[in-house]
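Good morning. Please look at the structure.

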Amino acid sequence: VATAHYLPALQDSDNDGVTDWFEYVHYGGLEQSGTSDTDGDGFSLAAELAQGTMPTLKDEFVPGGISRVRAPSPTIMDMQPFERLTYVLMDGVLTNFFSSNPSLPGGFPFGTNVAPGLGDWDGDGDLDLFVGSAVGSMRIFENIGSRYTMNLTERTTNFGDLVAAWSGITCPTPALGDWNGDGTADLVVGGNGGTLRVISSTGHFGSPQSPAVNYTITLESALASPALADVTGDGQLDLLVLLDNGTVRVYPNTGNAAMPYQSNLYTENLLGQAVPDAIGLSASDINYDGRTDILVSDMAGRIWEFHEAGGSFVLKSKVWGGSGIGFANRLTLAAGDVDGDGDVDLVGGFAEGGLLSLRNPRFAVPGNLRAFGGVESILLTWDPDRHSRIVGYYVYRSMDTTNDFGRLTNAIVTLPRFEDRQPVSNRTNFYYVTAVCAVNYPGNSVPLYVEGKPSDIVLATAGRVTLWMPDYFGKPGSNTVLQINTPNATGISGTNLEIRVTYDPTILTPLQQVEPLQPTVEKTGLTKDFLITDNGPTANGVLVIDGHGGGMLTGWGNLFDIKFRVAPEAALGAKTTNMFVQVRLQDANGNSLAIDATDIAVMTVANAYFPGDVDGDGILSQSDYDLAMELAVGQRPATPEEIAAGDMNGNGQLDIDDAHLILRMINGKDPNPK
């Protein structure tokens, strides 16, 4: 028997603040009250009616929309879609490479049933791109740009010797990862059919390609879509394989570089459930908790997001990256940080024959946070967040413990640098930094400021000064420079300063003894106001710098440059050291400062990598400036030799300021003020 209730839209016969029709629809009667909260989400029945949500489903307002779950505990989903990119550099030319609409091929012509793989095949610090398609083909692109800016050049023809490895696989699906720990991403190719091809990286994109490892794993499944990730917790990448029944099989890494995975050694059903119509698989740390998460895509275009928790995987959503039913046909995926901003982006393929590039609109955890104690302050530096929405950072401090952090400023710190002017001296100060992003969510007329996850914690103690000297190179018969640096100079006085540094007079001669009109010790931009003298004209194994006033320092980096002439007869490869034998520094009140001056510098006699010779060709030229700029913007990590030659401002790294100082030298100007 069915009973129909016809109720006026505004009728509330029990006067509980909730219309009768709403109670009948969801509960079949009027037993509930306006304060009822049957789904335990914190919203009363009256509130659910007012905001248009369902009183029987747990609702949470989170960035991106409303999350509804049928579960005993809350589940949060960020429903904000990722940004779609269509253009990328190809051989330096901005090119429509990716499709803007998953239902249309667009972009680069790959064929149908496209499947991408991302990984650093040549170990240069950026992600390269492998793309399979239905006809058993693979297109291969080297990233000749940087980890921040992709610049692709096709290298497919150089892989001709490996074509047989995947030509017999229908719809080949590549996955890349460093299974042997050599710094280059190796390759596994799966696809439709029960075949996986395991291929080690050669470390280059040249021809011929002759990998040391190249073998086949066969399995009984019509689908074998691979991914590489450490899910066993041993620090080595395991082989994950999506099967035709929608489950994920795990082949643990054997530790044998010649045969990292064995066909008869595996465990089934990693996720604890099957994903219907699954086709694509990828793995990454989606939620930045240090654990591997799993993404599975299906034929309808959904991306199933599984988070690792307590040794098992839990399904969090089916809408990751803005996906959903109808998003793309036969969606395949490769997750990775394509733009170098520290979060997880996505490159996806689809049936009609194109690639999608989805940029994560989130922001990264600040990386490489460092703390440097000084006389009366602690200087913090970190790598900049390169996300387009970043507006700055918040800095937090805790004293003597990591359990009591408080924010140091109300204002957003706009640069990746902060000096804490009020630390507690001689006590341990702990710090972390968060990124702040301006996000426009639907319905907002102004951006919302959203704070990211905290960085790693660092510590430092104020009330102490550290001096250090970098290793350096010198060319026989030419001048070289020894830097005296400090990571935090704030509070150092120029009065009663004394620094004594040893050198080997058989290899190094103070410059003023060779060229009387040229100083041996040069002040830098940091110490330009100091009044100093030195014993350059008479020194014999110990160089002495004395300070007689000139105010207080504020900043960090290079304090003094000591210039030597390298003996013409010095043998290439010969090494000599410099060390501090005495250092005396004072603060503004004449108090002696505690000093750490234990660092030792090593000078190597060489024809290259002298100051400014960043490219190591033995000549100071425009190419040194060009390379310094490329390294400064992160196109690849600088080598120790490049840093030794190019770190002109004494902060221990190559940055844009260094490049500009090198340009001054190229144009015949002294990098230090006169």
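Let us start with an open sheet of 4 strands, in the order β3-β23-β22-β21, with antiparallel pairing. Strands here are DSSP runs (E, at least two residues), numbered from the N terminus, and two of them pair if DSSP finds at least two bridges between them. At the edges are β3 (83-85) and β21 (332-336), each pairing on one side only. β21 pairs with β22 (residues 345-350) in the antiparallel sense over 5 bridges. Within that pairing, Ala335 stands opposite Leu346 in β22.

A word on the source. This is a predicted model, where local features need pLDDT of at least 70, side-chain atom pairs count only at pLDDT 80 or more, and totals for chains, interfaces and linings use all residues. Residues are numbered from 1 along each chain as its sequence is written, and side-chain values use heavy atoms, with hydrogens and water left out.

Now the rings. Rings of Phe, Tyr and Trp (its six-membered ring) pair if their centres lie within 6.5 Å; planes under 30 degrees apart are stacked, over 60 edge-to-face, and the rest tilted. The count by this rule is 19 aromatic pairs. One of them joins Phe108 and Phe110, tilted, with 5.0 Å centre to centre and 45° between the planes.

Are these two residues buried or exposed? Buried means under 20% relative accessible area, exposed over 50%, and partly exposed in between (1.4 Å probe, protein chains only). Phe108 has 14% and is buried; Phe110, at 6%, is buried too.
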